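Please look at the model below with its side chains displayed. The text that follows goes through ring contacts and charge pairs.

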Amino acid sequence: MKNLRPLFGSRRKTVLGIAMLFTLMLSACGFQLRGTADLAFKNVYIQGAKLSISRDLERTFKINGVQLASKTEDAELLLEMVSESNQKRIMSLSGGGLVREFELIYLLNFRIREASNPIWGPMQTIRGRRDFSYNDNALLGKAEEEERLNADMRQDAIREILRRLTAIKPAAKI
């Protein structure tokens, strides 16, 4: 038993050294967990069309500490959701004329303005694009894959809205 103690002690040091080295490498590469967005406003009023991302967008605002105002007068920022669209295009066909690949496109149009400014900013468009292969023999699986890709593009659009909103800095009050 006495001869085994140095073996376990050195193994523990080796494991600890590898764990420390891994942690150091991970922090050196710039990896950082996605945290909350650094938004310059505390409340927002969302108006316009109810889109498929509306509920998830509202939840994301709440997670990031932004209150949803019930009236435009109570908001620091106004966000108008104008439109969204999903497109599906054929990318390639087999020799027999069967579809082999599709391209999915998600477009989201919105505009923003500060409550103190009567002029809306320019229309902004977020565009998501995914390709996926298609096989008639796996129809159900491919339909699920298509829905998952569309949901992923909607989540990417929400993250892009937040990124664009972090760039907004409130106008200096005179």
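Which charged end sits over the ring of Phe102? The charged end of Lys88 does, 4.4 Å from the ring centre; the criterion is NZ of Lys or CZ of Arg within 6 Å of the ring centre and within 35 degrees of the ring normal. This is a predicted model, in which local features need pLDDT of at least 70 and side-chain atom pairs pLDDT 80 or more, while totals for chains, interfaces and linings use all residues. Residues are numbered from 1 along each chain as its sequence is written, and side-chain values use heavy atoms, without hydrogens and water.

The whole structure has 2 aromatic pairs (ring centres of Phe, Tyr or the six-membered ring of Trp within 6.5 Å; planes under 30 degrees apart are stacked, over 60 edge-to-face, the rest tilted). Phe102 and Tyr134 are edge-to-face, because their centres are 5.3 Å apart and their planes stand at 80 degrees. Phe102 is buried at 10% relative accessible area, and Tyr134 is buried at 16% (buried is under 20%, exposed over 50%, partly exposed in between, with a 1.4 Å probe and protein chains only). Ring pairs join Phe102, Phe132 and Tyr134 into a cluster.

Lys88 also forms a salt bridge with Glu146, at 3.0 Å from N to O (a side-chain nitrogen of Lys or Arg within 4 Å of a carboxyl oxygen of Asp or Glu). Glu146 is buried at 18%, whereas Lys88 is partly exposed at 40%. The structure holds 14 salt bridges, including one between Asp156 and Arg130 at 2.4 Å.
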